[in-house]
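User: Could you walk me through this model and tell me what stands behind the terms you use?

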Amino acid sequence: MNYVEWLRVRNFLRIVVIVLAIFVGLGIILRVSVSRYMSPDVWVHQAMMHPGVKVTHATLPDGTQRTIIDDLAQSTHAVIDDHGYAGKHIVITEPSSRAHHEDKQVNVGSIQVFENHSGNMTTTVIDTNGAVPMVYYMLLADIVAIIVATILAAPLAREIDGHLEITLTKPITRLRYALGAIGADVAGIVAASFLTVLAFYLCQLLFESARLDFSGLNSRAIVMGLAFPLAWYAMLCAGTTWLHRSYIWVLVFTLPIAAFVGVLTIIPTNSVVALFVHDVAWVISRVDPLTYVSFAQPNEHGLLTYSDSNFTLRLSMQILFFVAYSALAIFKWQRVEA
Amino acid sequence: MSIITISNLRKAYGGFPAVDGFSLEIPEGTVFGLLGPNGAGKTTTFKCMLNLARPSGGSILFYGKPLVPETFESIAYVPERSVLYEWMTVNEHVEMTRRAFTSFDPVRARELLAQFNVDPRKRARDLSKGMKTAVMVALAFARNVKIMILDEPTGGLDPVNQRHVLSLMINEAAKGNTVLFSSHQIGQVERAAERIAVMDSGKLILEGLVDDLKGDRKIVEGIFPDIGFTLDGIANDARVARTERTERIVRLLVTGGAEEIAARLSGAGAAGVRVLDLNLEDIFLYAVSPATATADVVAKESST
């Protein structure tokens with residue numbers, strides 16, 4: 001019964017696939033371009049140029065290519081274990097005067113850097129093949145999902161715009177039709193998220209054997225990453241169901257307006273006008289799913305965490321918005337006349 | 001047996017009555033033409049019948065029961081304007097209809113599309129207005145339904161395809177199915193419809209079998225020697241629906257006994273008394289605009 005909506009979703013997903021395929025293609029080009037820089041050989045070669053540097057190569061029993069660099073002049077010692085496609089493990093020991101005097105861990109994608117200060121020496125451990133937190137993938141997936149959700153978010157308004165004579169003369173109740181249309185779009189938005197994760201996973205695979213981290217905050221990131229676009233979709237759906245052709249303007253302008261309102265909620269309230277604007281924006285922002293988005297952020301130790309302790313509340317609001325706005329859209333749909 | 005019963009249907013838009021107490025019974029197995037000037041309420045009536053618009057009052061029954069979604073398995077509707085999805089191909093419209101209705105025959109649909117010379121690979125936006133109408137008609141007639149409701153089903157079609165649509169409608173009635181259609185082309189209605197109803201200002205003003213309506217209604221015209229003639233009570237005859245006097249000429253629209261009234265008119269002193277037949281167009285025009293209609297009929301007759 002919702003063939004048209006599925007067809008629409010399929011067409012949008014085709015566009016998503018094409019765009020993501022372009023990204024993967026760029027990844028392949030990048031991989032080919034930087035292939036000669038992905039080996040430590042260049043760095044080792046440069047190090048060997050310095051006087052007093054001793055470089056030793058060895059092959060370990062498991063096939064690991066080990067390179068040991070001793071720079072007696074700089075009191076620096078580096079051990080590079082190249083596991084090939086499985087990444088590299090690098091340990092650098094150097095005088096503290098050349099490093100930060102604190103312990104620090106930084107994660108950037110699959111690269112984990114850990115610095116340890118002990119006495120007058122600092123040890124830096126670099127692993128290039130750590131598990132990639134899903135939060136990174138979900139951030140990318142959310143960008144695509146929001147675009148797809150915004151484009152799809154008028155399934156009922158599109159029918160009102162000249163197709164009710166087809167839609168409402170099918171042997172199906174209006175409720176079931178609306179649920180089917182929204183269900184098709186939800187499937188499309190989730191599929192767009194999945195395709196984005198898949199595409200960037202493929203990009204990562206071009207450079208290393210990628211491992212994904214679904215533990216801890218990452219599972220939260222996945223849930224929030226799916227809930228927010230759906231709540232956003234439902235809000236637009238409710239906002240367009242009573243419109244004919246002008247639903248397009250709602251789709252185009254809602255995101256910038258929502259972002260603008262969000263900015264207004266954080267302006268300094270140092271005047272009466274500013275306070276008034278702030279308060280109005282604050283009230284409006286309460287019904288906007290964008291207000292309740294929760295992103296993981298690095299803490300003082302460089303570890304990703306949800307700084308907001310109200311994650312459950314925020315997730316609940318996204319789910320509530322999805323249900324309430326969908327119900328509002330269906331309520332309006334029940335009263336539509338050709 | 002009435003397959004569709006409309007009772008005291010009312011629909012108002014912002015206080016303006018688009019349909020005002022309209023009642024009609026449509027017998028099974030007939031081609032039924034609904035006529036009316038622009039804004040008469042024909043399309044609104046169709047929309048109310050199909051729950052596309054919510055009636056302000058009255059009732060509509062199919063097979064003696066109110067419309068439910070399942071009823072649409074046995075009703076096909078072709079709206080007045082194109083409701084095709086511009087971005088979809090004709091083939092995708094066929095597939096959409098196949099998935100929606102169990103009785104839909106895609107092979108028959110493709111046959112009909114071929115008869116209308118529609119390329120099913122084309123997107124709707126690349127079709128002419130007439131081709132879009134043809135697609136909607138083909139999809140409707142491939143559904144094997146008991147009731148077809150067609151709002152201007154020949155709009156934009158060339159004469160050959162118009163004739164084809166009329167043939168399809170007559171064939172449906174021959175199979176025992178019911179076709180309710182509206183058209184501004186009265187010649188088509190006269191050719192296809194067995195019964196007609198005429199709407200004006202949201203009300204039913206005329207209804208019956210086409211042959212009966214044509215058979216009963218005549219114009220009786222006579223010319224008197226001077227202006228000061230009298231009709232000796234002829235105008236008060238119950239069969240005289242309207243009397244029109246223009247100087248020495250009198251025209252009477254009669255609903256029966258035309259020859260008898262013509263004889264009475266001669267007896268009253270009129271010369272050159274004639275009895276003129278009405279076609280469906282005349283009947284329609286008389287119904288919706290009586291003064292114009294009778295003058296027009298007489299003018300045509302005089303010119304021949």
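Predicted model: local features only at pLDDT ≥ 70, side-chain atom pairs only at ≥ 80, totals over all residues.

Analyst: Here is a short tour, with the criteria given as we go. Residues are numbered from 1 along each chain as its sequence is written, with chains lettered from A and ligands numbered from 1 in the order in which they are written.

User: What makes strand E9 of chain B count as mostly covered?

Analyst: A residue is buried if 20 or more other C-beta atoms lie within 10 Å of its own, exposed if 12 or fewer, and partly exposed in between, with C-beta atoms placed from the backbone. Five of the six residues in E9(B), residues 195-200, are buried. In chain A, buried residues make up 30% of its 338 residues.

User: How do you know which strands E9(B) pairs with?

Analyst: Strands (E, at least two residues) and helices (H or I, at least four) are DSSP runs, numbered from the N terminus, and two strands pair if DSSP finds at least two bridges between them. E9(B) has four bridges to strand E3 (31-35) of chain B, running parallel, and six to strand E10 (203-209), running antiparallel. Both counts meet the two-bridge criterion, so both are pairs. Phe32(B) has Arg195(B) as its bridge partner, and Asp200(B) has Lys203(B). E9(B) and E10(B) form a hairpin with two residues between them, and Ser201(B) in the turn has a positive phi of about 50 degrees.

User: Why are E2 and E5 of chain B called edge strands?

Analyst: The open sheet has four strands in the order E2-E1-E4-E5 (chain B), with antiparallel pairing. Strand E2 (16-27) and strand E5 (65-66) each pair on one side only, so they are the edges. Inside the sheet, E1 (2-13) and E4 (57-62) of chain B share five bridges, and Ser7(B) stands opposite Ser59(B). Helix H1 (42-49) of chain B packs on this sheet, touching E1, E2 and E4, and its direction makes about 70 degrees with that of E2(B). That angle is taken between N-to-C directions, on a scale from 0 to 180 degrees, using lines fitted to C-alpha atoms, for helices over the stretch in contact.

User: What makes the 157 residues a nonpolar core?

Analyst: The term means a set of buried Ala, Val, Leu, Ile, Met, Phe, Trp, Tyr and Cys residues joined through C-beta atoms within 7 Å. Among the members touching the most others are Tyr233(A), Cys237(A) and Ile149(B). Helix H7 (217-240) of chain A gives this core its largest share, 14 residues.

User: Which residues does Cys237(A) contact, leaving aside neighbours within four places in sequence?

Analyst: Contact means that the C-beta atoms, placed from the backbone, lie within 7 Å. The partners of Cys237(A) include Ala153(A), Pro155(A), Ile182(A), Tyr325(A) and Ala329(A).

How values were computed
Contact = placed C-beta atoms within 7 Å.
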